[in-house]
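Biologist: Please put the model up, and then I will ask about it one point at a time.

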Amino acid sequence: MKVHHVGYAVADIDIALSDFLDLGFSPVGERCLDEHRHIHIQFMRNDDYVIELVAPANERSPVGNLLKKVGNTPYHFCYETPDLVASIDRLKGRGFIVLAEPAEAPAIEIRRVAFLFKTGTGIVELLETS
Ligand code: NI
């Protein structure tokens with residue numbers, strides 16, 4: 001599966017945006033509030049590399065504990081798939097567990113995403129491309 005982006009957990013999205021500008025990244029699209037997941041999101045690109053800055057919008061965000069434990073850090077790779085359900089089933093058969101069932105992601109043109117986990121890879125996001 002092709003890599004779509006790397007997700008970075010960041011405590012402050014303004015500071016992170018400024019720092020990644022210094023590293024050659026440019027913003028892609030507008031900053032977005034994902035109300036379902038309680039996070040602010042900003043995509044950035046540097047040539048073929050796309051990162052997703054993910055900052056907590058409140059205490060219910062899925063990245064709050066991670067930030068408390070290790071600070072700002074990359075924490076997921078997102079992979080593209082034309083068939084989200086089939087890919088989830090295949091990875092479940094390979095030992096992945098589903099952290100978040102398919103849901104629409106407003107930051108990515110309302111396409112559906114899902115999150116899985118396996119010890120050997122950590123958190124994996126799947127993005128439906130069709
Ligand atoms: Ni992501």
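This is a predicted model: local features need pLDDT of at least 70, side-chain atom pairs count only at pLDDT 80 or more; totals for chains, interfaces and linings use all residues.

Biologist: In what order do the elements run from the N terminus on?

Modeller: The protein holds three helices and eight strands. From the N terminus on, they are arranged as β-α-β-β-β-α-β-α-β-β-β.

Biologist: Among contacts between residues at least 6 apart in sequence, what share joins residues at least 24 apart?

Modeller: Contact here means heavy atoms within 4.5 Å. Counting such pairs at least 6 apart in sequence, the share that joins residues at least 24 apart is 52%.

Biologist: Is Arg112 buried, partly exposed or exposed?

Modeller: Arg112 lies in strand 7, residues 111-118. Buried means under 20% relative accessible area and exposed means over 50%. Arg112 has 31% relative accessibility, so it counts as partly exposed.

Biologist: Which residues is Arg112 in contact with, leaving aside its neighbours within four places in sequence?

Modeller: One of them is Leu126, 14 residues from Arg112 along the chain, with 8.3 Å between the two C-alpha atoms. With those neighbours left aside, the contacts of Arg112 are Leu84, Val85, Pro102, Ala103, Glu104, Leu126, Leu127 and Glu128.

Biologist: How far apart are the mean positions of the positive and negative charges?

Modeller: The protein has 13 positive and 19 negative charges. Taking the mean position of each set, the separation is 9 Å.

Definitions and conventions: Residues are numbered from 1 along each chain as its sequence is written. Side-chain values use heavy atoms; hydrogens and water are left out. Helices (H or I, at least four residues) and strands (E, at least two) are DSSP runs, numbered from the N terminus. Lys and Arg count as positive and Asp and Glu as negative; His and the chain ends are not counted. The place of a charge is taken as NZ of Lys, CZ of Arg, CG of Asp or CD of Glu. Buried means under 20% relative accessible area, exposed over 50%, partly exposed in between (1.4 Å probe, protein chains only).
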